[in-house]
Amino acid sequence: MSLSDPRFVALSHWLNHYFESEVTPSLICGDASFRRYFRIQHFGKHYIVSDSPIHLVPIAPFVAIAKAYHDAGLCVPEVLATCNEQGFVLQTDVGELQLLSVLNLQNVIGYYQQALNLLPTIASVTDTELGPLTDYDGEFVQRELMIFIDWLVNKHIDYTLTNKEQQMITATFAALTDSAMSQPKVGMHRDYHSRNLLINADELAVIDFQDAVLGPITYDAVSLLRDCYVRWPNQQVQQLMQYHYQLIKQHKLLGDEVDFATYQQWFDLMGLQRHIKAAGIFARLYHRDGKRGYLADIPLTLQYIVDIGALYPQIAEFSAWVKSVIAPLVEQTAVKQQLDTTNTGY
């Protein structure tokens, strides 16, 4: 960061005024939005400040949900100060060690059970000081699914759908939407995975919750267990799925009339919806936002679609199409981009 970055200059001035002394923000990272994060040290204490261009990333949802989650008993960053004109948020530092960085086959069950144990509390948060959480309704689900078509299929691999393919996609998306809407709705983090959980002493801190909505009860669990960035053996996922099923029944979030087979179908189809959306978002992050690194995450999301989709008759045709048509074209595009990069020297 330098004086040539006007937002960094504005951020530094705001922080110096708040602390009444000069502090030096150190860039940590950006995320999948237009947001940036900085760490600050002041008199031995560490803080995080987020920089969100206010016309692109409003800060009010983050601030409101942080308060609601904190009040519910979750370990989340505490908001200390905001600059609504610029979109700066100063918050406590809840750690820098992502759960993803420490997971392995030996400890994943324990850590993921710990993470699943937080979901009933997250589920209980259905409104904030701004009002009720946005309803993750059928239109919302469909809109997310179309990101796959608009950005991965049409833009990234430049593929034109046939009428038959369009009909198949419409039927698949309708089945996924119907499954999502048949589930009980709870407070939903909406991006609950191992990169958004930080190890804070003996507990897990939750971050990146500003997109929380009221939605299907399996969404956050499948987001965690079928992570877009890492895949765990089916046996472990099945064990953890059973754990979550029993957990939400114990907390009276799921009625006794819902058997495990129904829950698992909800879980699997919800995961497919998320992976279809995520594949499209990863393509969008590259083409719209210039974030090339997310392209490497597309193949795993497609593999989930191929493997899990094949288990369900209503999704099987779409799964086979992704396997035979879309995945090879994504691979070809990646090879071409690599060659272009090599030839241009970038």
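This tour visits the cavities of a predicted model, then a strand hairpin. Local features need pLDDT of at least 70, side-chain atom pairs count only at pLDDT 80 or more, and totals for chains, interfaces and linings use all residues. Residues are numbered from 1 along each chain as its sequence is written, and side-chain values use heavy atoms, with hydrogens and water left out.

**Stop 1: the largest cavity.** Select Leu-119, Ala-123, Val-186, Gly-187 and Ile-217. They lie nearest the centre of the largest cavity, among its 13 lining residues. (A cavity is a set of points on a 1 Å grid over the protein atoms alone where a 1.4 Å probe fits but cannot get out; lining residues have an atom within 4 Å of a point.) Now colour α4 (119-124), β8 (185-188), α7 (219-225) and α8 (234-250): each gives two or more residues to this lining. The volume is about 80 Å³, taken as the space filled by probe spheres set on the points.

**Stop 2: the second largest cavity.** Select Arg-35, Tyr-37, Ser-50, Ser-52, Val-57, Pro-58, Ile-59, Phe-62, Gln-91 and Gln-210, which line the second largest cavity. Its volume is about 60 Å³.

Stop 3: Select β2 (residues 36-42). Here 6 of the 7 residues are buried, so the strand is largely enclosed by the rest of the structure. Pairing requires at least two DSSP bridges. Arg-39 has Ile-48 of β3 as its bridge partner. Finish at the turn, where 2 residues separate the strands and Phe-43 has a positive phi of about 50°.

Notes: On a 1 Å grid over the protein atoms alone, a cavity is a set of points where a 1.4 Å probe fits but cannot get out, and a pocket is an open set with protein on both sides within 12 Å along at least five of seven lines; lining residues have an atom within 4 Å of a point. Helices (H or I, at least four residues) and strands (E, at least two) are DSSP runs, numbered from the N terminus. Buried means under 20% relative accessible area, exposed over 50%, partly exposed in between (1.4 Å probe, protein chains only).
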